[in-house]
Amino acid sequence: NELLAPAIKYIEENLDSSAPSNEFLASLCNISCVYFRKIFTKKFSMPPSKYITMLKIQRAKGLIIGDSVSMTDISTSCGFSSIYHFSKVFKDFTGMTPTQFKRENRK
């Protein structure tokens, strides 16, 4: 846990940015990229890139259900390069578009 702490902290504090490379995250932990990916995947049962995307989608879900913020603003604040990319990734993770998710969870 402590070995990965710098990378986890960086990920959580920078969800509004594009995903960092494994090399960068490994360098924060002062370990090799191969070892970083191995222990990260063992701890979280998924590779770093999928973990980062999952956190971004969780954040987006909260923003969608919360205040009336535009999908474009949500997309930007979750670090997606475009509303199209955000919608595609959101649907891949949840099985529904952000708009469908909003309708189903605002009832």
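This is a predicted model: local features need pLDDT of at least 70, side-chain atom pairs count only at pLDDT 80 or more; totals for chains, interfaces and linings use all residues.
Residues are numbered from 1 along each chain as its sequence is written, and side-chain values use heavy atoms, with hydrogens and water left out.

The chain has seven helices and zero strands. Helices (H or I, at least four residues) and strands (E, at least two) are DSSP runs, numbered from the N terminus. Along the sequence the pattern reads α-α-α-α-α-α-α. The C-alpha atoms fill a box of roughly 45 × 20 × 20 Å, taken along the principal axes. The chain comprises 107 residues, and 32% of them count as buried. Buried means under 20% relative accessible area, exposed over 50%, and partly exposed in between (1.4 Å probe, protein chains only). Contact means heavy atoms within 4.5 Å. Among contacts between residues at least 6 apart in sequence, 54% join residues at least 24 apart.

Helix α4 (residues 48–65) meets helix α6 (residues 83–94). Their axes come within 10 Å and cross at roughly 100°. Thus α4 is roughly perpendicular to α6. Axes are lines fitted to C-alpha atoms, for helices over the stretch in contact, and angles run from 0 to 180 degrees between N-to-C directions. Angles under 35 degrees count as roughly parallel, over 145 as roughly antiparallel, 65 to 115 as roughly perpendicular and the rest as oblique. On the α4 side, the contact involves Lys50, Thr53, Met54, Ile57, Ala60, Lys61 and Ile64. On the α6 side, the residues are Phe86, Val89, Phe90, Phe93 and Thr94. The residues of this contact divide into eight nonpolar, two polar and two charged. Here Ala, Val, Leu, Ile, Met, Phe, Trp, Tyr, Cys and Pro count as nonpolar, Asp, Glu, Lys and Arg as charged, and the others, Gly among them, as polar.

Ser75 lies in helix α5 (residues 71–77). Its relative accessibility is 3%, so Ser75 counts as buried.

Rolling a probe the size of a water molecule over the atoms shows where empty space is left. The structure holds one cavity of 30 Å³ or more. The volume of the largest cavity is about 30 Å³. A cavity is a set of points, on a 1 Å grid over the protein atoms alone, where a 1.4 Å probe fits but cannot get out; lining residues have an atom within 4 Å of a point. Grid points are joined across faces, edges and corners, and a volume is the space filled by probe spheres set on the points. The lining consists of Ile11, Asn14, Leu15, Ser17, Ser18, Ala19, Pro20, Ile52 and Lys56. It divides into five nonpolar, three polar and one charged residue.

Ser17 belongs to this lining. Its place is in the loop between α1 (5–13) and α2 (22–28). Ser17 is partly exposed because its relative accessible area is 28%. Leaving aside neighbours within four places in sequence, Ser17 is in contact with Lys56 and Gly79. Lys56 is itself a lining residue of the cavity. Ser17 and Ser77 are 60 residues apart in sequence and 8.1 Å apart in space, C-alpha to C-alpha.

Two loop residues have a positive phi. Asn30 is not a glycine, yet its phi is positive, at about 60°. Asn30 lies in the loop between α2 and α3 (33–44). With 70% relative accessibility, Asn30 counts as exposed. Ser45, also not a glycine, has a positive phi of about 60°. Ser45 sits in the loop between α3 and α4. Its relative accessibility of 65% means that Ser45 counts as exposed.

Two further residues were examined. Lys9 lies in helix α1 and is exposed, with a relative accessible area of 51%. Lys9 and Lys43 are 34 residues apart in sequence and 15 Å apart in space, C-alpha to C-alpha. Ser70 lies in the loop between α4 and α5. Ser70 counts as partly exposed, at 35% relative accessibility. Ser70 and Ser27 are 43 residues apart in sequence and 36 Å apart in space, C-alpha to C-alpha.

Notes
On a 1 Å grid over the protein atoms alone, a cavity is a set of points where a 1.4 Å probe fits but cannot get out, and a pocket is an open set with protein on both sides within 12 Å along at least five of seven lines; lining residues have an atom within 4 Å of a point.
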